[in-house]
Amino acid sequence: MKHWKSICVYVCALIGIVILGFAAIKSINLNQDCVGHLKRAADANTIELAQKELSTAISYLEENNMTEGYTSVIYKTPDEDVKFFYDNLVASQKELNDVMKNSDQLTTTNTLMKLRETLTDTNSDGKTVVTRPDGLQYFPNNVGWAIARTLASIALLAGAILAMIQLKL
């Protein structure tokens, strides 16, 4: 009987760690392939550099079917609107293209400042963060990921309880 409890502890821990590991990988991938490029576009000093970084982020969103919908699981709120986020990036890209064709220094500077304001916000800690819908890393499978992360938490909790029972804590 004691052997069975040990196996359950390990299985629960493994399930929880694997699911949460994959969730972490989703977040890392979004940061590397999209959000990081948006931050670089916001920090760019030339229209060409901003255009390149913004194009990379937009391509990632299009390749991963992240162009419309909501990241929310239970109810829809404006800050979770993927279509608005995507359309705003495309509009910024168009504006960069227009400015690149014929611009003076003042127009270029104003456009880059506007892009920075569009792409970034200041969080409650005073840090500059890229504006994006919460949960974008799990989109378009937010419901599945919410269920998987809940199951991972339950598995880890069950494993911890079984381990304490086994150790008689």
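I started today at Glu95, which is partly exposed, with a relative accessible area of 28%. A reminder to myself: this is a predicted model.

**Glu95 and its partner.** I looked up what the side chain of Glu95 meets, and found a salt bridge with Lys114 at 3.1 Å, N to O. Glu95 sits in helix H3 and Lys114 in helix H4 (residues 105–119), so this pair ties together parts that are 19 residues apart in sequence. I noted Lys114 as partly exposed too, at 42% relative accessible area.

**Within helix H3.** I then checked Asp87 and Lys83, whose side chains form a salt bridge (3.1 Å, N to O). Both lie in helix H3 (residues 82–101), four residues apart, which is about one turn of the helix. Asp87 is partly exposed at 34%, and Lys83 is partly exposed at 39%.

**Arg40 and Glu53.** How many salt bridges does a search of the whole structure find? I got six. One of them joins the side chains of Arg40 and Glu53, again 3.1 Å from N to O. This pair links distant parts of the chain, with Arg40 in helix H1 (residues 2–43) and Glu53 in helix H2 (residues 47–63), 13 residues apart. Is each end buried or exposed? Arg40 counts as exposed because its relative accessibility is 51%, and the cut-off for exposed is over 50%. Glu53 is buried, at 3%.

**A nonpolar patch.** Last, I looked for nonpolar residues on the surface. Val73, Ile74, Tyr75, Val143, Ile147, Leu151 and Ile154 form a patch there, with about 750 Å² of accessible area together. I placed Ile147 in helix H5 (residues 142–167).

Key: Residues are numbered from 1 along each chain as its sequence is written. This is a predicted model: local features need pLDDT of at least 70, side-chain atom pairs count only at pLDDT 80 or more; totals for chains, interfaces and linings use all residues. Side-chain values use heavy atoms; hydrogens and water are left out. Patches are made of residues with over 30% relative accessible area and no salt bridge: like charges are joined within 9 Å, nonpolar side chains (Val, Leu, Ile, Met, Phe, Trp, Tyr) within 5 Å. Accessible areas come from the Shrake-Rupley method with a 1.4 Å probe; for residues, only the protein chains shown count as cover. A salt bridge is a side-chain nitrogen of Lys or Arg within 4 Å of a carboxyl oxygen of Asp or Glu. Helices (H or I, at least four residues) and strands (E, at least two) are DSSP runs, numbered from the N terminus. Buried means under 20% relative accessible area, exposed over 50%, partly exposed in between (1.4 Å probe, protein chains only).
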